[in-house]
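Please walk me through this model with the criteria spelled out.

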Amino acid sequence: MQHKMMTIANNQLFTNEIEELIETYYDKIYKYCFSLLRNTYDAEDAVQEVFIKAMKYGKLATIENPNAWLYKISYFHCLNKIKRKKLKSFIPFIEQEAKTAVFDHDNDDQLESILVHLKPEERSLLLLRVIENYSFEEIGQIFEKPPATIRKRYERLKVKVKKLL
């Protein structure tokens, strides 16, 4: 019985820490996320996800500088969100070529499904070209292939993604 009471007390203490953390840092983290994402809805979602990650960490009492820690979580979370969005923006070329192709830009599962069907080299090409903005020449150096070969593989990759949709 005493163990159960201590667990309840610890949970209440944890809840109070989270509430205090949110109350103290919500506005700052929201402004930071908004400055990175430039979208109200994305920033609101990001802040919620950042605080959920903080709650899941479960060691708030041991964090020396919660302000810096939350900014670090926010930075990496927003960076990942930006990269996912940029990768999703790879798909619109299909809509220009074929009006029947439809891609839901808010559906990470659909994006993940497409990526799963690509070979590792294709995923790498996609990420280097779309996310990292490398030129065909730079990717050619990485893959040790001529830029024309990389360009051709990229064109084939666009066709493959179109078929996956």
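Which residue just after α7 takes a positive phi? Glu-144 does, with a phi of about 60°. Helices here are DSSP runs of H or I with at least four residues, strands are runs of E with at least two, and both are numbered from the N terminus.

The model is predicted, so local features need pLDDT of at least 70 and side-chain atom pairs count only at pLDDT 80 or more, while totals for chains, interfaces and linings use all residues. Residues are numbered from 1 along each chain as its sequence is written, and side-chain values use heavy atoms, with hydrogens and water left out.

Buried means under 20% relative accessible area, exposed means over 50%, and partly exposed lies in between, with a 1.4 Å probe and protein chains only.

The next topic is the nonpolar interior. In soluble globular proteins, nonpolar side chains tend to be buried together. A nonpolar core is defined here as a set of buried Ala, Val, Leu, Ile, Met, Phe, Trp, Tyr and Cys residues joined through side-chain atoms within 4.5 Å. The largest such core has 17 residues, and Leu-125 and Leu-126 touch the most other members. At least two residues of this core come from each of α5 (108-116), α6, α7 (136-143) and α8. Helix α6 supplies the largest share, five residues. Leaving aside neighbours within four places in sequence, Leu-125 is in contact with Ile-139, Phe-143, Ile-150, Arg-153, Tyr-154 and Leu-157. Apart from this core lies another one, of 16 residues, including Val-50, Phe-51, Ile-63 and Leu-70.

Is His-77 buried or exposed? At 6% relative accessibility, His-77 counts as buried. His-77 is placed in helix α3, and, not counting residues up to four places away in sequence, it touches Ala-46, Glu-49, Val-50 and Lys-53. Asp-45 belongs to helix α2 (residues 40-57) and is partly exposed, with a relative accessible area of 35%. The C-alpha atoms of Asp-45 and Cys-33 are separated by 9.4 Å, and the two residues are 12 residues apart along the chain.

Some nonpolar side chains are on the surface instead. Leu-36, Tyr-75, Phe-76 and Ile-82 form a nonpolar patch there, with about 320 Å² of accessible area together. Patches are made of residues with over 30% relative accessible area and no salt bridge; like charges are joined within 9 Å, and nonpolar side chains (Val, Leu, Ile, Met, Phe, Trp, Tyr) within 5 Å. The areas come from the Shrake-Rupley method with a 1.4 Å probe, and for residues only the protein chains shown count as cover. Helix α3 (residues 66-88) gives the largest share of the patch, three residues. Leu-36 lies in helix α1 (residues 2-37).

The charged pairs come last. Side chains of opposite charge can pair when their charged atoms come close. How many salt bridges does a search of the whole structure find? It finds three, a salt bridge being a side-chain nitrogen of Lys or Arg within 4 Å of a carboxyl oxygen of Asp or Glu.

Arg-153 forms a salt bridge with Glu-121, with the closest N and O atoms 2.4 Å apart. This pair links distant parts of the chain, since Arg-153 is in helix α8 (residues 147-164) and Glu-121 is in helix α6 (residues 120-131), 32 residues apart. Arg-153 is partly exposed at 28% relative accessible area, and Glu-121 is partly exposed at 41%.

Lys-160 and Glu-122 meet in another salt bridge, at 2.8 Å from N to O. Lys-160 in helix α8 and Glu-122 in helix α6 are 38 residues apart, and this pair too links distant parts of the chain. Lys-160 counts as partly exposed at 24% relative accessibility, whereas Glu-122 counts as buried at 17%.

The side chains of Glu-155 and Lys-158 also form a salt bridge, at 3.6 Å from N to O. Both residues lie in helix α8, three residues apart, about one turn of the helix. Glu-155 is partly exposed, with 36% relative accessible area, and Lys-158 counts as buried at 15%.

Definitions and conventions
Contact means heavy atoms within 4.5 Å.
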